[in-house]
Amino acid sequence: MSLKAVEMPHAAEEHKRNPGFDLDLGWLRHVRMNRSALERRAATIGTRRSVKKQWQAAWLLHAITNIDLTTLNGDDSKGRVERLCAKARQPVRTDILTALGVEDLGITPGAVCVYHNFVADAVAALEGTNIPVAAVSTGFPAGLTPLATRIAEIEASVKAGAKEIDIVIERHQVLTQDWQGLYDQVKAFRAACGEAHLKTILGTGELATQTNVAKASLVCMMAGADFIKTSTGKEKVNADLVTSLSMIRMIRWFHEETGIEIGYKPAGGISKAKDAITYLAMMKDELGNQWLSPHLFRFGASSLLNDIERQLEHNVTGRYAADYRQPLV
Ligand SMILES: O=C[C@H](O)COP(=O)(O)O
């Protein structure tokens, strides 16, 4: 099998960061999302092309590079975080990689994502790799601790070695259309991040409308977000394709107006390899190939990698799952 045509991107690839812009309420007034139109479009994603067998493994290997390998549980421990980091170092069994002929590609996930208290343990466990540690800071998952506490939390996570900070916004600011309040907070979070990249979690399942999702996305990008992310994984409704379309269309619009490429991170409930391929197809169709790179696209996921590894094993043993004959090239 040849996997040469699929470029394996490097997580540390140089990329122009979002410098942030003024809050433009006039632009915000033009933002409207039509849920039925989004639903119609979402229903077509992944249905127009079929992935040939030999490309399935390539797409899945690529998807691994997009994963923020995550553990965010109340019973997390140093041992669990170290096991997760060991998995990040070797995300797929060597015998599977050898059978695929890709043992030399050095495939690793986009980041390891943990609570602040485990950042130092993760950094130590990943020493000698180029896998960054991402921290969920700012009172995750509700984001309702005092602002000064949240800013101090970001600073502490950066000091402990986090290269990426996933913050949560205050959902009520969106529900009451307090765009200035949201902008000011995200701008303060961006300043506290310094060189660390800022991902803004919107908690989309709690934002009531797709227009709210789109407006919150835009405000976060104006305030300097490097990524916009759907969910904490703790809301009742987490990532889905309809919400993803609202967000990535705002990424497209922001890029058209400013020239700045913002990353997208769907998170929560994405656990199947075939869903990963559907998301990649959506990114490719809506934003183009460059948005498949880990510096512009991540899955926030705790169990997706396990399913991808299982599917790769099926692939090398020639047992192709029927529902796996899916979209793409
Ligand atoms: O940001 C990542 C999510 O918390 C992970 O959610 P998951 O456990 O449903 O994959």
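These legends describe close-up views of a predicted model. Local features need pLDDT of at least 70, side-chain atom pairs count only at pLDDT 80 or more, and totals for chains, interfaces and linings use all residues. Residues are numbered from 1 along each chain as its sequence is written.

**View 1. The chain has 13 helices and eight strands.** Both are DSSP runs numbered from the N terminus: helices are H or I, at least four residues, and strands are E, at least two. Buried residues make up 50% of the 329 residues; a residue is buried if 20 or more other C-beta atoms, placed from the backbone, lie within 10 Å of its own.

View 2. Strands pair if DSSP finds at least two bridges between them.

**View 3. Strand 1 (residues 67-70) meets strand 8 in the parallel sense.** Three bridges join the pair. Leu69 has Ala301 of strand 8 as its bridge partner.

View 4. Axes are lines fitted to C-alpha atoms, for helices over the stretch in contact (C-beta atoms, placed from the backbone, within 7 Å); angles run from 0 to 180 degrees between N-to-C directions.

**View 5. pLDDT stays under 50 over residues 1-12 and over residues 319-329.** pLDDT is the predictor's confidence in each residue, from 0 to 100. The chain mean is 91. Where pLDDT is low, predicted coordinates should not be read in detail.

Conventions: A residue is buried if 20 or more other C-beta atoms lie within 10 Å of its own, exposed if 12 or fewer, and partly exposed in between; C-beta atoms are placed from the backbone. Two residues are in contact if their C-beta atoms, placed from the backbone, lie within 7 Å.
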